[in-house]
Amino acid sequence: MENSNWWTAPAESEDGRLIMVTGRKDVDKFRTNPKFNIRVEVTWKYEGRPDGMPDEETSQLMEKVQEALVETFRKDPVAVLTGVFTGDDKRDWVFYTLSTHIFGRKLNETLEPFPLLPLTVYCENDPSWEAYDEMSEAEIKLD
């Protein structure tokens, strides 16, 4: 990921644990396309350290998975990764896509070389990108 297009800020879970929020800045070309109106959340629950963060081995595997996903959707931009939440014993990758069917197919193709991962997928319509705006409030607090 290109760091200049991303920001990172701390947040807290409901029980006060640290969650690191990383958001993408350069989303305008996707956000202004009305076809990108489906928000997809891919969640990986893990057995975290006492602070809720992943251990080193899990963290490294998560980074490899994330790099593979980013590369897949860079080559075939049917979805865009807009946010990453890590902490409280889980990592959430948030995408906006134009098709859950195509997204699911690309996700499965990308994950094929990896061991079976404890992932869940949640989708919702979010045509005005409200969830993205809510996440972006964490960046505003940094300024």
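A residue is called buried if its relative accessible area is under 20%, exposed if over 50% and partly exposed in between, with a 1.4 Å probe and protein chains only. The model described here is predicted, and local features need pLDDT of at least 70, side-chain atom pairs count only at pLDDT 80 or more, and totals for chains, interfaces and linings use all residues. Residues are numbered from 1 along each chain as its sequence is written, and side-chain values use heavy atoms, with hydrogens and water left out.

The chain contains four helices and six strands; helices (H or I, at least four residues) and strands (E, at least two) are DSSP runs, numbered from the N terminus. Their order along the sequence is β-β-α-β-α-β-β-α-β-α. For 143 residues, a compact globule would have a radius of gyration near 15 Å, and the value for the chain, 15 Å, agrees with this. That radius is taken over C-alpha atoms, and the globule rule is 2.2 Å times the number of residues to the power 0.38. The C-alpha trace spans about 40 × 40 × 25 Å along its principal axes.

Of the 143 residues, 43% count as buried. Among contacts (heavy atoms within 4.5 Å) with a separation of 6 or more, 70% are between residues 24 or more positions apart. The chain exposes about 8300 Å², of which carbon and sulfur atoms supply 49%; accessible areas come from the Shrake-Rupley method with a 1.4 Å probe, and for residues only the protein chains shown count as cover.

Seven aromatic pairs are present in the structure. Rings of Phe, Tyr and Trp (its six-membered ring) pair if their centres lie within 6.5 Å, and planes under 30 degrees apart count as stacked, over 60 as edge-to-face and the rest as tilted. One of the pairs joins Trp44 and Trp93, whose ring centres are 6.2 Å apart with planes at 55°, so this pair is tilted. Because Trp44 belongs to strand E3 (residues 38-45) and Trp93 to strand E5 (residues 90-97), the pair ties together parts that are 49 residues apart in sequence. Trp44 is buried at a relative accessible area of 4%, and Trp93 is buried at 0%.

A further pair is formed by Phe73 and Phe103, with ring centres 5.3 Å apart and planes at 0°, so the pair is stacked. Phe73 is part of helix H2 (residues 56-75) and Phe103 of helix H3 (residues 100-111), so parts 30 residues apart in sequence are tied together. Phe73 counts as buried at 6% relative accessibility, as does Phe103 at 2%. Ring pairs also link Phe73 and Phe103 with Phe95 into a cluster.

Asp88 is found in the loop between strand E4 (79-87) and E5, and Asp89 has its place in the loop between E4 and E5. Asp88 is partly exposed at 24% relative accessibility, and Asp89 is partly exposed at 25%.
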